[in-house]
Amino acid sequence: MSRLNVSSEIGPLRRVILHRPELSMQRLTPQNMQDLLFDDVIRVERAGKEHDTFSEVLRSYDVEVLLLHDLLSTVLDSSEARNWILERQVTEQNLGPGLARAVREQLERQDSDSVASALIGGVTLDDLEEPVATLSGELLVGDTDFVLPPLPNHLFMRDTSCWIFGGVSVNPMAMAARHRETVHLQAIYRFHPLFRDAHFDVWYRGIDMAVGGASIEGGDVLVIGNGTVLMGLSERTTPQAVEILALRLLRQRAAERVIVVELPKQRSCMHLDTVMTQMDVDCFSIYPVIIERTIPSFELTLGTDGMLKLSRVDDFYKALENALGVDQLRLITTGGDKYAAEREQWHDANNVLTVKPGTVIAYERNVRSIDKMQAAGITVVPIPGEELGRGRGGARCMSCPIERDDI
């Protein structure tokens with residue numbers, strides 16, 4: 001019987017959520033791309049074909065691929081779920097009373113597939129069936145005429161929610177351009193038939209806890225197995241959120257320890273999985289400019305008082321070896337000389353998705369890193385990423401595993 005559980009990064013992958021590029025990417029322009037957290041505009045048709053190849057490779061390994069758009073559309077068939085979502089996205093505080101009413105009434109009339117497209121792809125003044133004379137609307141012009149901005153970062157399904165052992169963390173996102181993504185994932189886990197009647201823990205409750213300065217994204221969470229979770233402190237993940245999530249995992253005995261690593265606050269390593277991913281029980285892909293033995297790191301365990309016990313880690317690699325119960329890690333560094341390695345890390349050479357122990361999916365463009373992985377005995381399944389890679393996320397970033405076999 002299948003179950004919702006992710007107890008490692010490397011156990012045979014069974015089910016995963018992806019999001020194929022669609023309308024939200026088509027609405028990415030040179031004028032708005034920085035606000036929407038992109039470095040470049042993307043050829044959407046080609047990106048879609050590359051993403052289809054990614055899906056096909058996963059299916060060839062007997063992985064069930066679930067698409068975000070389809071999951072959300074099914075959820076929107078329920079009037080209760082549709083109201084729940086619209087109450088949290090189409091608000092007077094965001095749009096003003098007049099626009100909020102017009103947008104909500106229009107979305108309430110449309111079929112579920114159209115509403116899913118609108119919520120992900122955005123709503124412009126031109127999309128409104130009838131003109132609305134409001135102060136908010138008068139001030140929306142030209143390239144900024146989004147009533148509801150598009151959500152192109154849904155492409156990176158890893159961040160908005162991540163499964164950790166027998167539960168899910170629905171994450172409060174760091175950047176305003178991604179806040180509404182959390183509403184969609186929280187609605188899916190609450191209302192979709194696949195999840196509604198299933199039994200699983202919710203470690204972090206997304207928008208219900210999106211207050212203060214706490215934020216966490218799934219790219220900074222690696223379930224490395226043997227009761228251990230590895231988390232990164234990055235430009236997107238804060239110490240407060242790590243402590244909240246770690247305490248819940250430890251108190252529920254889901255995890256025995258959480259190892260925390262401090263990353264530079266820079267875009268080139270916005271998440272831990274852009275500089276480090278696990279490929280086998282003892283094997284990691286790393287970018288050695290960032291990930292090294294002496295990188296600042298800590299271990300969190302549960303104290304006798306039921307609160308977190310913090311220990312500073314002097315040797316990051318040794319801490320991982322002890323946690324995993326292995327004698328020595330195999331660390332495969334980014335390929336090429338220092339210039340090539342920097343280029344390949346930028347194009348997500350270290351951001352690979354493990355489909356079973358020792359077998360990973362990677363962008364085919366990172367040839368030097370692939371050569372090193374293969375020489376170390378890792379099977380690499382290449383996928384095209386000329387357009388997808390422009391979004392700054394690789395195979396791990398684009399996937400949200402919800403079921404893996406134990407190892």
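In which helix is the place of Ser24? Ser24 sits in helix H1, which covers residues 23-26. The model is predicted, so to speak of local features a pLDDT of at least 70 is needed, side-chain atom pairs count only at pLDDT 80 or more, and totals for chains, interfaces and linings use all residues. Residues are numbered from 1 along each chain as its sequence is written, and side-chain values use heavy atoms, with hydrogens and water left out.

**View 1. Ser24 and its surroundings.** Ser24 counts as buried because its relative accessibility is 1% (buried means under 20% relative accessible area, exposed over 50%, partly exposed in between, with a 1.4 Å probe and protein chains only). Neighbours within four places in sequence aside, Ser24 touches His19, Ile120, Gly121, Pro150, Leu151 and Pro152; contact here means heavy atoms within 4.5 Å.

**View 2. The fold around it.** Look out for 15 helices and 19 strands in the protein (DSSP runs numbered from the N terminus: helices are H or I with at least four residues, strands E with at least two). Of the contacts with a separation of 6 or more, 73% join residues 24 or more positions apart.

View 3. Of the 407 residues in the protein, 59% are buried. The C-alpha trace spans about 70 × 50 × 40 Å along its principal axes.
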